[in-house]
Amino acid sequence: MAAVLRKLIQGRLPALAGVLCRRSGNEGHLFLNSSGSTLMQPRCGYSSPTESVIVEMDKATGVALLKLNIPPVNSLSLPLLTELAIVLDKLEMDKHCRGLILTSAVPNIFSAGLNLFDMMDKPNEHYSEFWRAVQEIWIKLYGSSLANIAAINGSSPAGGCLLALCSDYRIMANNPHFTIGLNETRLGIVAPFWFKDTLLNTVGKRTTEISLNLGALYSPTEALSLHLVDRLVPETQLLSAATEEMGRWLQVPDHARQITKSMIRKSTLEGLLNQREADIKNFVEFISRDSIQKSLQFYAQSLQKQKQHIHPPSSSCRQQISSVTFARSPWYSLIQRS
Ligand SMILES: CC/C=C\CC(=O)SCCNC(=O)CCNC(=O)[C@H](O)C(C)(C)COP(=O)(O)OP(=O)(O)OC[C@H]1O[C@@H](n2cnc3c(N)ncnc32)[C@H](O)[C@@H]1OP(=O)(O)O
């Protein structure tokens, strides 16, 4: 226990360390706009479609509701990741904040994962900066001292699934059109070891093997049966269920829960913290390969093509089709052969 605390103080687990140096915090609503500036709003609520990360702080309970708000699909672009990192730091340092509920303000989508265009046709410096930002979010969320519940109100592939996996508890809207999973192999890319470890810690080795190798995307019912999510509720009850669940987590004294969480997640976090630069180098080397760039371009185009071929293209219908047809498309065969 003493060693864990010492490491926290030394800053080896920066997010968890936040608990030891909480400062007087923010109150009311905290918003970050797309330029990265923070706006404090009174509790009476404020919503603007241009805000990319919205936080509504319940001062009475100390629970922050964080909504990703980048239509159409909450893809995790470099600006969004940067903004999210700032917000998470602020919440971590806010001594009034004890819990975080992560959800989406975009209907039917939790997050489409990493922004494909941040990984395509860019200089290596961009890939490097982007990957550092992805790492940063994982470190902050997986190592957060806050009780963290994901209210998954839409599809959540790849990096979107990773965000949810960082939570302490996942509740998903029971809509059969939604899918969740680490589908990286379907794009011809490989989930990095810390994505794999996060899944492994949640669902165990056998399910991780099958899920990652196949790049499987699961319906909510399947995800529940694999313990990828902890509970399903009707969409209309998602936030109330998450709030109620948060109550259960906040009944436990913070310090006991935080040290326990740290004890369980510390070695996984250190796996990346000890080799961040090497991991960035690997990513840049991998993503900049011609073959990988071609795969990503093909995948991005296939998203567009579905729109052109399926008519009329209702959003929920496309989601259902996408999870089935990618596995059978000529593009997928191409990946399988390469
Ligand atoms: C090394 C580690 C790496 C990676 C981890 C990752 O996270 S890689 C990203 C993997 N993500 C995916 O495979 C998700 C792809 N998207 C989808 O399957 C669907 O878009 C989704 C999320 C189910 C939503 O379907 P819906 O029918 O509602 O929307 P549509 O497909 O029409 O998409 C709307 C527009 O958004 C664009 N888009 C979708 N996903 C991404 C993305 N990840 N990054 C960037 N842009 C994305 C899509 O092309 C559409 O664009 P538009 O210009 O409007 O045609």
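Which residue in strand 8 is the bridge partner of Asn-108? The bridge partner of Asn-108 in strand 8 is Gly-154. This report describes a predicted model, starting with its strands and moving on to its aromatic rings and helices.

**Strands**

Strand 6 and strand 8, the latter formed by residues 154–157, pair in the parallel sense over 2 bridges. These strands belong to an open sheet of 3 strands, with the order 6-8-10 and parallel pairing. Its edge strands are strand 6 (108–109) and strand 10 (180–181), each of which pairs on one side only.

Strand 7 covers residues 147–152 and has two parallel partners: strand 5 (residues 99–104), joined to strand 7 by 4 bridges, and strand 9 (residues 169–173), joined to strand 7 by 4 bridges. One bridge partner can be named for each pairing. Gly-99 has Ala-147 of strand 7 as its partner, while Ala-150 has Arg-170 of strand 9.

Is strand 7 mostly covered or mostly open? Strand 7 is mostly covered, with 6 of its 6 residues buried. In a regular strand the side chains alternate between the two faces of the sheet. In strand 7 both faces are covered. Ala-147, Ile-149 and Ala-151 are buried on one side, and Asn-148, Ala-150 and Ile-152 are buried on the other.

The bridge partners named above are collected here.

| Residue | Bridge partner | Strand of the partner |
|---|---|---|
| Asn-108 | Gly-154 | strand 8 |
| Gly-99 | Ala-147 | strand 7 |
| Ala-150 | Arg-170 | strand 9 |

**Aromatic rings**

A pair of aromatic rings is described by the distance of the centres and the angle of the planes. With centres within 6.5 Å as the rule for a pair, the count comes to 7 aromatic pairs. One of them is formed by Trp-138 and Tyr-142: the ring centres are 5.3 Å apart and the planes are at 15 degrees, so this pair is stacked. The cut-off for stacked is under 30 degrees. Trp-138 and Tyr-142 both lie in helix 4 (residues 124–142), and because they are 4 residues apart, about one helical turn separates them. Both residues are buried.

The rings of Trp-194 and Phe-195 have their centres 5.0 Å apart and their planes at 70 degrees, so that pair is edge-to-face. Here the angle is to be compared with a cut-off of over 60 degrees. Trp-194 and Phe-195 are also buried. Ring pairs link Trp-138, Tyr-142, Trp-194 and Phe-195 with Trp-131 and Phe-283 into a cluster.

**Helix 10 and Arg-265**

Tyr-142 has a further neighbour: the charged end of Arg-265 sits over its ring, 4.1 Å from the ring centre. Arg-265 is also where a kink of about 50 degrees in helix 10 is centred. Helix 10 (residues 254–273) has 20 residues, and its end C-alpha atoms are only 24 Å apart. A straight helix would reach 28 Å at 1.5 Å a residue. The buried residues of helix 10 include Arg-265, and among the others are Arg-257, Lys-261, Leu-269 and Leu-272.

**Arg-289**

Where is Arg-289 found? Arg-289 is in the loop between helix 11 (276–287) and helix 12 (290–309). Its relative accessibility is 38%, so Arg-289 counts as partly exposed. The side chains of Arg-289 and Glu-285 are joined by a polar contact of 3.2 Å.

Notes:
Residues numbered from 1 in each chain as written. Predicted model: local features only at pLDDT ≥ 70, side-chain atom pairs only at ≥ 80, totals over all residues. Heavy atoms only, no water. Phe/Tyr/Trp six-rings, centres within 6.5 Å; stacked < 30°, edge-to-face > 60°. Buried < 20%, exposed > 50% of the residue type's maximum accessible area, 1.4 Å probe, protein only. Lys NZ or Arg CZ within 6 Å of the ring centre and 35° of its normal. Pairing = 2+ DSSP bridges. Polar contact = N/O pair within 3.5 Å; in protein donor to acceptor, adjacent residues only side chain to side chain. Expected span 1.5 Å × (residues − 1). Bend = angle between axes of the 7 residues up to and from the residue.
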